[in-house]
Amino acid sequence: MAAGQVARVVLALAIAGVLAAIAAHPRVMRWERRFGLTVLATSGFPFLLLGLLFRELGVLTPQLLSDLRPLFEFGLGWVGLTIGTNLDIRRFDRLPPSAAPVIALATSLPIFFATVGCGLTLAWLGVIPGTGLIRDVLVLAACAAVSAPASRAVQLVVDITRIDQLAALALLGFYAIMFRPDRTVTLWHLPRSGWFLMTLGLGALLGIVLYFLVRNVEKRTEEMALLMGGVALASGMAGYLALAVAVVCALAGMVLINSPLTDGRRIVSTLREVERPLYLVFLFIVGAAWFPNEWQGWLLGLVFAITRTYGKVLAARLAVRVDPSLPGWRRLAVSLLPESTVAIVVLFSVIGIEGGSSEVVRWAINAVIVGSIVTEVVVQWAQRRERQAANEDSGVFEAAP
């Protein structure tokens with residue numbers, strides 16, 4: 001690589017890092033929460049455009065992304081560890097008995113409808129079984145499962161979004177086990193059952209190691225250093241074995257948060273401080289693999305948005321019947337519609353496992369981006385109508401005397 005090209009790469013990564021730090025400022029986050037917007041539809045979208053720009057300028061090349069793979073695997077590991085700490089079993093024990101069927105509906109129905117709709121669309125586009133159809137449908141199903149709550153008025157909605165992250169990572173782990181890369185990528189050659197046990201065992205082992213490292217730590221800076229070292233070890237081992245880094249680290253985080261820690265909340269806070277900038281840098285890299293000029297991606301995006309929305313709405317209607325104490329099904333559906341940033345982790349992980357973005361992965365990236373924008377428009381329209389109806393009812397009530 002020439003000196004001038006190295007300078008352009010360093011400048012591009014520096015710009016992305018600085019902008020990610022600015023976008024993670026509390027004021028920006030308060031602005032997003034005030035208007036009920038998600039990262040993918042607001043501060044994250046400029047990063048997609050920035051990544052697209054640097055790709056067109058010849059800065060973000062496939063070779064560069066391959067060279068920076070260890071750095072990106074560390075980021076995936078950090079995000080995966082953060083997601084794993086959301087799965088505190090003690091917190092879920094306090095959920096009502098009706099929570100299990102509601103969470104199952106809200107997670108499984110979008111996966112089912114997105115799988116059917118996107119599978120038929122891909123088959124119509126020429127992706128048939130034996131050429132990657134099942135593999136690509138798995139990626140889209142994992143992206144369809146996750147949600148970012150538009151409203152935190154109902155605690156159950158927040159718990160649903162934490163569980164559907166687990167479903168998305170489970171599908172990603174299944175993808176990494178079933179569709180192994182070329183044998184030259186890793187020197188280890190095991191049957192699929194062996195890779196499954198390796199994923200579980202590696203995640204559990206690293207979670208135990210992290211527990212013994214941070215259990216008696218008093219200073220937050222020391223805790224940060226130990227967590228960084230643990231994530232570097234976990235992501236390096238998972239990347240060397242060509243496993244899903246985010247899945248292995250999520251298992252480690254789940255083991256860590258359910259162990260007898262002195263102050264688990266401080267660890268979660270430390271992890272989340274770095275989580276948002278990493279998501280934005282991932283969007284910057286995903287933007288380099290985004291090809292918005294491909295009509296197949298737009299078609300797949302519309303199908304993805306429609307089927308995922310239908311699954312969430314149907315899940316909300318059935319959930320209200322299971323648990324009448326929930327708010328109206330319209331409000332519940334609107335709360336579950338926004339796309340979670342975990343979908344970006346899934347796409348980024350697939351790009352890392354495959355060593356680049358194939359044609360269908362490019363379409364999937366476009367599908368998630370288009371689906372996120374479409375659902376955000378629907379959510380904002382529905383919330384605006386809900387506020388108008390509430391204001392009208394309030395006005396009628398005040399005028400009644």
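**Figure 1. Gly80 is a buried residue in this predicted model.** The relative accessible area of Gly80 is 1%, and a residue counts as buried when that value is under 20%. Gly80 lies in helix α5. Apart from neighbours within four places in sequence, Gly80 is in contact with Ala246, Cys249 and Ala250. The view also takes in Val342, which is 262 residues from Gly80 in sequence. In space, the C-alpha atoms of Gly80 and Val342 are 9.3 Å apart.

**Figure 2. Helix α5 packs with helix α13.** Two packed helices are described by the angle between their axes and the distance between the axes. Helix α5 covers residues 69-84, and helix α13 covers residues 264-288. The crossing in which α5 passes α13 is left-handed.

**Figure 3. Residues of α5 and α13 form the contact between the two helices.** From α5, the contact takes in Phe72, Gly75, Leu76, Trp78, Val79, Leu81, Thr82 and Ile83. From α13 come Thr270, Leu271, Arg272, Val274, Glu275, Leu278, Tyr279, Phe282 and Ile285. Sorted by class, the contact of α5 with α13 has 12 nonpolar, 3 polar and 2 charged residues.

**Figure 4. Helix α8 is largely enclosed by the rest of the structure.** Helix α8 consists of 13 residues, numbered 133-145. At 1.5 Å a residue, α8 should span 18 Å, which agrees with the 18 Å between its end C-alpha atoms. Of the 13 residues of α8, 11 are buried, so the helix is largely enclosed. The buried residues of α8 are Leu133, Asp136, Val137, Leu138, Val139, Leu140, Ala141, Ala142, Cys143, Ala144 and Ala145.

**Figure 5. Helices α8 and α16 cross at roughly 155°.** Helix α16 is made up of residues 342-354, and its axis comes within 8 Å of the axis of α8. An angle over 145 degrees counts as roughly antiparallel, and α8 and α16 are therefore roughly antiparallel to each other. Their crossing is right-handed. On the α8 side, Arg135, Val139, Ala142 and Cys143 take part in the contact. These residues meet Ala343, Val346, Leu347, Val350 and Glu354 in α16. The contact of α8 with α16 has 7 nonpolar residues, no polar ones and 2 charged ones.

Conventions
Residues numbered from 1 in each chain as written. Predicted model: local features only at pLDDT ≥ 70, side-chain atom pairs only at ≥ 80, totals over all residues. Heavy atoms only, no water. Axes fitted to C-alpha atoms, helices over the stretch in contact; angles between N-to-C directions. Helix = DSSP H or I, 4+ residues; strand = E, 2+ residues; numbered from the N terminus. Left-handed = near helix turned anticlockwise from the far one by under 90°. Contact = heavy atoms within 4.5 Å. Nonpolar A, V, L, I, M, F, W, Y, C, P; charged D, E, K, R; others polar. Expected span 1.5 Å × (residues − 1). Buried < 20%, exposed > 50% of the residue type's maximum accessible area, 1.4 Å probe, protein only. Parallel < 35°, antiparallel > 145°, perpendicular 65-115°, else oblique.
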